[in-house]
Amino acid sequence: MQYHVNGTLVPAEEASVSVRDRGFMYGDAGFETLRAYGGTIFEWDAHADRLQATCEALSIDHGIGDDLKRRIDETLEANDLRDAYVKCSITRGVQPGKLTPGPADNPTVVVVASELPRGGENGESVWNAPASAELVETRRVPDHSLPAHAKTHNYLNGILARLETDADEALMLDSEGSLAEGATSNLFFVREGVLHTPSLSGPILPGITREVVLGLAEEMQIPVRTGRYRPADLRRADEAFLTNTTWEVRPVGRLDDSAFEIGTVTRELAAAFAALVEARHY
Ligand code: PMP
């Protein structure tokens, strides 16, 4: 396996960054998790825009522009990967030992990838069972402390949430008690045929899968509402699912101690997602 480190492909065992890198020391970095299907990146433009927004939020003016895409493609090609998980990070790099950040003149740019086979024919994805989910005590960090639209290396909020549970996903409320999102996924639920998801006005990552699913729902004329919801709204739902780049559309089979059916809307959206991937990439 070869990874891309600062513009060069190197064997995975030799891929390393400085212990003084600010991405390592402080989480001073942005990243994206991407998925390649059939050798090309799904929703590249959306990922590039989100990474740019993250870097702007952190004032990491990295100047690598379109070259990141080339590095990702080179990584896929060097490893002969077609269906793959890809992660790319841009850190502020190594700087004198103080917290105050300087200009990102020498950012660290890393691309790693590994094989991630595509799912089954019925819209199942890499998950082989519905997810269990638990509403945890850890609250999503408010936007005015750490902007949720920025996908930074600071994932401690989600890590603390996951530490609270053995479930596949830890669901967090925001500081006001409204449903926010999972540690690494966006939340959807369906009640009486209407698809609901927390709106981007709350502290949630604008998930790229979330956006694609909302587009599919519109095309399929599934009524959609976004808003601020309480845990009781989720508990009363007929179906629920989680979205992210690796899980795609993953049904929730259990929330805390109660079971959820995998419902029609979830199945239809999962199948539509699989069909979209098929049409675009194969
Ligand atoms: N929320 C959080 C906190 C995440 O880490 C992720 C995964 N990137 C998501 C939502 C889903 O985003 P996407 O669909 O872009 O993978």
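User: Which residue in β13 stands opposite Leu-187?
Analyst: Start with the strands. β10, residues 186-191, and β13 run antiparallel and are joined by five bridges. Within this pair, the residue opposite Leu-187 is Leu-242.

User: Which residue in β14 stands opposite Leu-242?
Analyst: β13 also pairs with β14, residues 248-255, through four bridges. These two strands run antiparallel. In β14, the residue facing Leu-242 is Arg-250.

User: How many residues does the hairpin from β13 to β14 pass through?
Analyst: β13 covers residues 239-244. β14 covers residues 248-255. The hairpin that joins them passes through three residues.

User: How many of the six residues of β13 are buried?
Analyst: A residue is buried if 20 or more other C-beta atoms lie within 10 Å of its own. By that test β13 is mostly covered. The count of buried residues in β13 is five.

User: Which element gives the largest share of the shell around the ligand?
Analyst: The shell holds 14 residues, with Leu-205, Gly-207, Ile-208, Thr-209 and Thr-245 the closest. Two elements give two or more residues to it: α5, residues 208-219, and β13. The largest share is three residues, and it comes from α5.

User: How many polar residues are in the shell around the ligand?
Analyst: Sort the shell by class. Two residues are nonpolar and two are charged. Gly counts as polar here. The polar count is 10.

User: Which strands are the edge strands of the open sheet of six strands?
Analyst: The strand order is β2-β1-β6-β5-β3-β4, with antiparallel pairing. An edge strand here pairs on one side only. That picks out β2, residues 8-11, and β4, residues 40-41.

User: What angle does the direction of α2 make with that of β3?
Analyst: β3, residues 29-37, is joined to β4 by two bridges, and the two run antiparallel. Ala-36 stands opposite Ile-41 in β4. Helix α2, residues 44-57, packs on this sheet and touches β3, β4 and β5. Its direction makes with that of β3 an angle of about 175°.

User: What is the mean pLDDT of the protein chain?
Analyst: Where pLDDT is low, the predicted coordinates should not be read in detail. In this chain, 99% of residues reach 70 or more. The model scores ipTM 0.99 and pTM 0.97. The mean pLDDT of the protein chain is 96.

Note on methods. Residues are numbered from 1 along each chain as its sequence is written. This is a predicted model: local features need pLDDT of at least 70, side-chain atom pairs count only at pLDDT 80 or more; totals for chains, interfaces and linings use all residues. A residue is buried if 20 or more other C-beta atoms lie within 10 Å of its own, exposed if 12 or fewer, and partly exposed in between; C-beta atoms are placed from the backbone. Two strands pair if DSSP finds at least two bridges between them. A residue is near a molecule or strand if its C-beta atom, placed from the backbone, lies within 6 Å of it. pLDDT is the predictor's confidence in each residue, from 0 to 100. Two residues are in contact if their C-beta atoms, placed from the backbone, lie within 7 Å. Axes are lines fitted to C-alpha atoms, for helices over the stretch in contact, and angles run from 0 to 180 degrees between N-to-C directions.
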